[in-house]
Each structure stands twice: as C-alpha cells, then as structure tokens.
Protein chains: 2
Amino acid sequence: MLTELKVPERLLLGPGPANVDPRVLRAMATPVIGHLDPAFIRVMDETIQYLRQVWRTQNRLTVPLSATGSGGMEAVMVNLLEPGDEVVVGICGLFGQRMADVAARAGARVRTVEAPWGRPLDPEQFEKALRERPAKVVAFVHGETSTGVLQPVEPIVEIARRYGALVVADCVTSLGSVPVEVDRWGLDAAYSCSQKGLGAPPGMAPVTFSERALEVIRSRKTKVQSWYLDLNLLMGYWSGETVTERVYHHTAPIAMIYALREALRIVLEEGLENRWERIRRVHEAFVAGIEAMGLEMLVEKPYRLAPLNTVKVPPGVDAAAVQRRLLEMDIEIAGGFGPLKGQIWRIGLMGYNAQPKNVFTVLSALEMALREQGYPVSPGLGPAAAAAALKG
Amino acid sequence: MLTELKVPERLLLGPGPANVDPRVLRAMATPVIGHLDPAFIRVMDETIQYLRQVWRTQNRLTVPLSATGSGGMEAVMVNLLEPGDEVVVGICGLFGQRMADVAARAGARVRTVEAPWGRPLDPEQFEKALRERPAKVVAFVHGETSTGVLQPVEPIVEIARRYGALVVADCVTSLGSVPVEVDRWGLDAAYSCSQKGLGAPPGMAPVTFSERALEVIRSRKTKVQSWYLDLNLLMGYWSGETVTERVYHHTAPIAMIYALREALRIVLEEGLENRWERIRRVHEAFVAGIEAMGLEMLVEKPYRLAPLNTVKVPPGVDAAAVQRRLLEMDIEIAGGFGPLKGQIWRIGLMGYNAQPKNVFTVLSALEMALREQGYPVSPGLGPAAAAAALKG
C-alpha cells in the first residue's frame with residue numbers, strides 16, 4: 001500500500017506546468033527555515049526585488065501569493081472590488097470567463113465585452129461599454145491560455161485611463177515569455193503563475209499593484225471577503241519596512257519561495273529580452289514546421305502568443321487520440337476547451353522547454369501520430385522546415 | 001545582485017514549520033508532471049487514501065487544498081456558511097479569533113464563546129449559546145497554536161449534535177501529533193496544514209468533510225464566494241470517479257503534493273499510534289526538564305498540546321532576547337502573541353523533530369540563555385531530568 005512515489009519523466013509541452021530547470025528542483029530541496037526567520041525575510045526581499053524586475057515595475061506592492069495563478073486572479077478581484085462596484089471584463093476564452101465569474105462572486109456588477117475564441121478583443125468595445133456607464137475596473141487576459149491569443153494591451157489601457165478605470169491584466173501565460181511592461185503600459189494590477197514563463201513548479205501567484213490600486217485597497221469601505229488573500233493584512237508580512245516590523249499573517253510556503261526565487265534568478269541571468277527573443281525564435285521555428293506539414297495555426301499571426309501554440313486539428317483526425325499517442329512517448333501536449341474542444345492542440349514551448357531540440361521532438365512525434373491516423377504528411381517535413389527557420 | 005540562495009541550517013522548534021525528513025525533500029525534487037496526467041491522477045488518489053487514514057475517516061471529500069492551513073480554515077468557512085447563517089465560534093487564542101473573522105467575512109452572523117488564553121473552552125458555554133438561538137455551525141480550535149491548549153472535542157460535538165449544528169475543528173497543530181478521530185468523534189469538517197504534525201514543508205491544507213457537510217455544500221442557495229476554494233468545483237478535479245472524468249479547475253501545486261504524499265507515507269509507516277506515543281514521550285521528557293529548571297508550563301496538565309509546549313517566561317527574563325540567543329545557535333523557538341506576548345515561549349517538538357536529542361539540545365540552550373540573563377539554574381539540570389523521564 002505504502003509505495004514509493006513513481007512518476008514518469010515527461011516532456012511537458014502543454015499549457016504548463018513546463019519542465020523545470022534542475023537548478024530550481026535543487027533549490028526547492030533546500031532545508032526549510034521559519035517564515036519569520038530574519039534569514040527568510042532576506043529571501044523574501046530578494047524574491048520581491050527579482051519579481052519587480054521581471055514585471056518591469058517599481059510597484060511597492062509586488063509579492064508572490066501563496067496560491068496558484070487562479071488564486072492570484074481571485075486576490076486581484078476581491079481586493080479591488082467591493083459589492084456593487086462596476087467592472088468590465090473582456091472575454092475571448094476560458095480565463096476571461098473565469099475573471100467574470102470571480103468578479104461576480106466578489107459582489108461586483110459585471111459587464112462583458114466579447115470576441116470569438118481564437119480572436120483578440122476589440123478595444124472599441126471597451127470604449128462603448130465605458131461610454132454607456134463608467135466602471136471601477138477594466139479587466140482582460142493578456143495571454144489567453146485557452147486559445148493562444150496575445151491581446152494588445154496599450155489600446156485598452158488608453159481607453160480605460162480616459163474613463164478613469166483601473167486596468168487589470170491576466171499575465172498567467174505571458175509573464176517571462178513575452179514583453180510585459182507593467183509601468184510603461186500603466187497596468188494597475190496584474191497576476192501570473194510560477195509554472196509557465198518563470199519556470200518553477202506550480203504553486204505561487206506573483207501579483208503587482210500600482211500606487212493607485214494600492215490606494216483603492218487601503219481606502220475600502222468593506223473588509224476584503226477573503227482573509228487569506230487580504231492584501232491589507234498581507235502587506236504587513238511581505239512589505240514591512242524593517243525585519244522587526246514584519247507581522248505574521250499565514251505561514252508562507254517556504255520551499256515554493258525557494259523555487260520561485262531560483263527560477264526568477266535564472267530568468268534574470270538570461271536577461272528578459274534574451275528570453276523573449278529565444279521564445280520567439282522557437283515559436284517561429286515551430287510554426288514553420290507546422291505549416292510545412294500542411295497544418296494551420298488557430299490564431300492570426302499578429303496575435304499569436306509565442307509560448308503557447310494553438311494548432312488546428314485537421315479534418316478526420318481524432319485530437320485526443322493524437323494526444324494519447326504522444327503521451328505514450330512521454331510527450332504531453334493539450335487539447336482545446338469549450339468551443340475549441342477537439343478543434344485544436346495547445347503546444348507550449350515556454351521557459352526551460354523553449355529549446356530547438358523540443359521543437360524537433362514534438363514535430364516528429366506529431367507527424368508520426370498524424371500518419372498513423374492516415375493524415376498525409378511526408379516524414380521529416382516539419383522538423384526540416386523548423387531547422388531552416390532556426391538558421392534563417 | 002543575483003546571488004545564490006543561502007539559508008542557515010536551523011533546528012526548527014517553534015510552532016511550525018518543523019524540520020522535514022530528508023526523504024520528503026527528495027520526493028519534492030521529483031520531476032514535475034502535468035496536473036491532468038493519468039500518472040498524476042494516481043498520485044492524487046494515493047494522497048487522498050493516505051490522508052483518509054491520517055484523518056481516521058471514510059469521508060469521500062478528503063483532499064489537500066492548494067493553500068496553507070489558514071486557507072483551509074477559509075475554505076471550510078466559505079463553503080459551509082452562506083450570508084446570514086448563524087455560527088458559534090469558540091475563542092481562547094489567536095486562531096479562534098481568526099475563525100470568527102473569517103466566518104464574518106463569509107457573511108455569517110458570528111457569536112463567540114470565550115475562555116482566557118491558556119485555558120480550554122467550557123462546553124457548557126456552547127450549550128448556553130445554542131439554547132439561546134440555534135446555529136448552523138459550531139467551530140473551535142482543537143490544538144490552539146497560540147497557547148498550547150488541547151481542547152477536548154467530544155463534549156462539544158455531543159452538544160452541537162443535540163442542537164443540530166455542524167461541527168468544525170481546526171486541527172492545524174493536532175493532526176499527525178495527537179489523536180484526531182474525525183469519524184469516531186463525528187466531526188463534520190476539519191482542516192490542517194502540511195508543516196507541523198505531518199512533516200512536509202508549508203503549502204498544503206488537508207481538509208475533510210462529512211456526508212452531512214457535503215450535502216450542505218451541494219445544496220447551497222448562493223455561490224461560494226471564493227472561486228479558488230469552491231469545493232463544488234474542486235470535487236470535479238480531486239474526486240472524479242474515473243481518470244477521464246477529471247475536470248480541470250486550477251493547476252495543482254505538483255511538487256507540494258509529492259512532498260505531502262511522502263510525508264503521509266512516513267507517518268503511516270511509523271503508524272499513527274506509535275507517532276502519537278513518540279510525541280507524548282518526548283513532550284513529557286521536555287516538561288520534566290522544564291520543571292527541573294524551576295520553570296512552569298502555561299497550560300494545566302490535562303489540556304497540554306503535546307507537540308507545542310508553552311513555557312512561562314520567569315520574572316526578570318527578556319523573552320525575545322532568549323529567542324535571539326537561541327537563534328544565534330541556529331535553534332528557532334517562538335514567543336507569545338497578544339496577551340501572551342513576552343509571557344511565554346512556544347517550543348514545538350513535532351513530526352520529525354520529536355526526538356530525544358532535540359529535547360537535550362533545546363533544554364541545554366535554554367539553560368545557557370537563562371543563566372546569561374541571571375536566572376539561577378545549575379547547568380545540566382534540565383537535560384538530566386529529561387533523560388530520567390525518557391528512561392522511566
């Protein structure tokens with residue numbers, strides 16, 4: 001009954017978690033120390049400094065929450081919104097839907113602007129919604145994990161600012177993989193996860209809030225409905241001015257913070273721009289291979305989310321069977337959700353996994369699985385095109 | 001700037017986290033796999049089976065939540081309570097206060113029954129409160145981490161049952177250290193953490209719910225205010241009947257679940273009864289040493305929480321200075337909160353750390369720090385008395 005933990009070694013090319021640099025696993029196995037230990041406070045401070053660099057922000061309130069990315073979404077919503085507040089949420093995939101659900105549970109009056117899954121939101125729609133009635137918060141997904149769409153941020157921020165709304169962006173699949181410029185863009189709140197672009201295991205939710213957002217949180221009329229995610233309380237633990245002023249809130253997940261710190265250090269050692277460039281090149285090689293195989297990308301070129309490629313399933317091919325065939329070879333890719341179920345594959349080349357060798361592996365395996373289902377593709381076409389793109 | 005992670009090797013004898021068995025650290029560094037991988041679903045199922053044994057329950061809804069112990073508290077409250085519901089909360093320390101705060105944020109009408117910090121709650125007070133007006137939930141702390149009091153459970157359950165209330169117990173510092181008998185006692189919901197009696201790093205919150213509680217959650221009139229902790233949604237991920245039915249909710253913290261699974265396996269290999277007995281013996285040896293040194297325990301003998309010893313600070317001694325002196329020797333102990341600030345030390349001998357050698361270490365170090373402050377104690381008195389108690 002009490003068996004040894006045994007798990008296969010998978011190549012994780014789904015929407016995340018991605019594989020983790022062995023350095024991160026080693027850091028995670030560092031002996032645990034106390035959550036109020038001055039030595040741990042130093043680790044917290046370093047982690048915050050690294051996070052600010054990765055978010056491209058000076059925001060004081062920049063912390064990793066003790067939850068996964070969805071917990072980060074919830075934290076942002078329940079801290080910024082009070083019952084009856086107006087919020088406009090952009091929906092063009094599962095995570096936009098989730099934002100609307102979470103905002104409604106916080107008691108907000110939610111209006112939505114929508115686009116078909118696989119297309120970006122139209123900024124004009126936000127303008128229309130705000131002209132009808134102002135809102136406290138405008139929220140949208142920067143990198144939509146369910147569709148592979150990268151949403152242009154600045155036009156939405158410009159409109160929201162003009163109508164006096166705070167701007168919230170879901171950066172779960174964008175942070176660490178493509179440019180995220182919190183301060184330059186003027187985002188008021190953003191959240192992400194640890195297991196995609198940053199390259200740690202899942203379990204932490206980095207969040208950042210502008211001074212304007214901080215002021216909104218500090219001057220709430222009602223208590224934040226979640227004690228666990230109440231930033232008024234969490235600030236006392238994460239952002240005390242000196243070590244002795246830290247106030248106990250909850251026990252931080254020490255080992256996960258070790259892992260996140262090491263993952264952030266690896267990101268900064270590589271350099272954000274280099275990392276974005278690496279992921280872009282690997283993405284383009286992958287797309288070249290896919291198109292050489294006669295397959296199509298779901299998303300139009302200008303809106304493709306580089307770390308998460310969404311490929312249309314060709315007619316007559318069983319999407320789930322292809323995924324199972326790859327998993328037999330210890331390669332994980334994912335399928336679509338909701339309206340895209342059975343219609344797309346989601347193939348992630350993010351963080352540590354954005355490497356040419358993984359492009360060759362997944363294209364070759366995909367060709368093999370497709371041929372087995374009778375899809376006509378000459379062996380080696382995809383990898384050859386990817387190799388050519390990498391050279392070019 | 002981008003420095004190596006460096007933390008001291010501490011002996012963690014505060015209220016938790018405790019030190020972690022090296023086996024748990026090794027398990028945590030196992031390569032990450034996907035949260036929907038059939039191989040991970042097996043790991044989840046095994047973890048649930050182990051958890052049921054440790055909670056002494058057959059409860060179907062027994063899962064580790066992706067949060068720390070305080071997140072477990074919040075999950076129990078927000079799932080069982082709807083706005084306007086009546087709840088009676090017992091308060092005799094910080095964590096009872098926190099329960100009342102969390103319940104109020106869930107919109108419940110909170111009444112409290114109280115006892116001085118360091119004393120257990122009087123069951124009669126619950127009866128009085130319920131006679132005045134019935135309540136949906138009665139909640140109390142089994143092992144109060146802020147005071148070291150172990151609350152007798154059965155008298156409170158008997159009263160709550162008689163008045164038709166659900167019974168919730170905070171087992172954050174009791175699970176894995178002292179008997180917790182969810183089914184035999186008739187608890188309807190209980191939550192704990194990973195970093196104390198169970199011996200993993202902090203970051204997971206095991207929770208368990210009776211069929212009665214499950215029915216209450218399923219038949220709610222309003223949505224659970226927290227999407228992240230909504231058990232109606234989480235059940236689809238954790239408790240699907242078959243692998244193929246699992247529904248994605250959030251990305252589970254894979255590495256933390258590896259760690260928790262290994263920690264639970266270690267608990268079950270030792271055997272719960274053996275573990276309780278080991279912790280009791282170590283606790284008694286520690287108390288013998290403390291009393292030989294002329295110090296006093298805060299809590300009366302029948303109500304002492306074995307894994308967390310609360311020792312009164314003698315007059316004229318600076319509690320915080322003693323803690324700092326021990327930390328210089330890489331030994332962490334904790335002080336008191338609120339009314340007990342400066343009045344007690346909290347010295348944990350839990351999980352992996354409940355070993356005779358640690359009793360000798362902490363008593364010797366405490367003697368040394370006390371002598372340095374002019375407290376009269378002959379060197380070696382405490383360890384000698386502890387050794388005698390271990391033999392007896």
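This is a predicted model: local features need pLDDT of at least 70, side-chain atom pairs count only at pLDDT 80 or more; totals for chains, interfaces and linings use all residues.
## Relation of the two chains

Chain A is superposed on chain B by a rotation of 180 degrees, with 0.0 Å of shift along the axis and an RMSD of 0.0 Å. The two copies are thus related as by a two-fold rotation axis. The same surface serves both copies, as 98% of the contact residues of chain A recur in chain B.

## Contact between the chains

On chain A, 59 residues are in contact with 58 residues of chain B. Five elements of chain A give two or more residues to the side that touches chain B: helix H1 (22-28), helix H2 (38-55), helix H3 (69-80), helix H4 (94-105) and helix H10 (254-270). H10(A) gives the most, with 9 residues.

Sorted by class, the side of chain A that touches chain B has 30 nonpolar residues, 16 polar residues and 13 charged residues.

## The sheet of chain B

Chain B holds an open sheet of 7 strands with mixed pairing, in the order S2-S10-S9-S8-S5-S3-S4. Strand S2 (61-65) and strand S4 (109-114) of chain B stand at the edges; each has a single partner strand, so one side of each is left without a neighbour in the sheet. From one strand to the next, the twist averages 15 degrees.

Helix H4 (residues 94-105) of chain B lies across S3, S4, S5 and S8 of chain B. The helix runs at about 160 degrees to strand S3(B), which spans 86-91.

## Strand S8 and its partners

In the order of the sheet, S8(B) stands between S9 and S5. Strand S5 (residues 137-141) of chain B pairs with strand S8 (residues 166-170) of chain B in the parallel sense, over 5 bridges. Within this pairing, B:Val137 stands opposite B:Leu166, and B:Val141 has B:Asp170 as its bridge partner. Strand S9 (residues 189-191) of chain B also runs parallel to S8(B), and 3 bridges join the two. Here B:Asp170 stands opposite B:Tyr191.

S8(B) is mostly covered, with 5 of its 5 residues buried. B:Leu166, B:Val168 and B:Asp170 point one way from the strand, while B:Val167 and B:Ala169 point the other way.

How values were computed:
Residues are numbered from 1 along each chain as its sequence is written. Chains are lettered from A and ligands numbered from 1 in the order in which they are written. Copies are superposed by least squares on the C-alpha atoms of residues with pLDDT of at least 70 in both. Two residues are in contact if their C-beta atoms, placed from the backbone, lie within 7 Å. Two strands pair if DSSP finds at least two bridges between them. Helices (H or I, at least four residues) and strands (E, at least two) are DSSP runs, numbered from the N terminus. Axes are lines fitted to C-alpha atoms, for helices over the stretch in contact, and angles run from 0 to 180 degrees between N-to-C directions. A residue is buried if 20 or more other C-beta atoms lie within 10 Å of its own, exposed if 12 or fewer, and partly exposed in between; C-beta atoms are placed from the backbone. Ala, Val, Leu, Ile, Met, Phe, Trp, Tyr, Cys and Pro count as nonpolar, Asp, Glu, Lys and Arg as charged, and the others, Gly among them, as polar.
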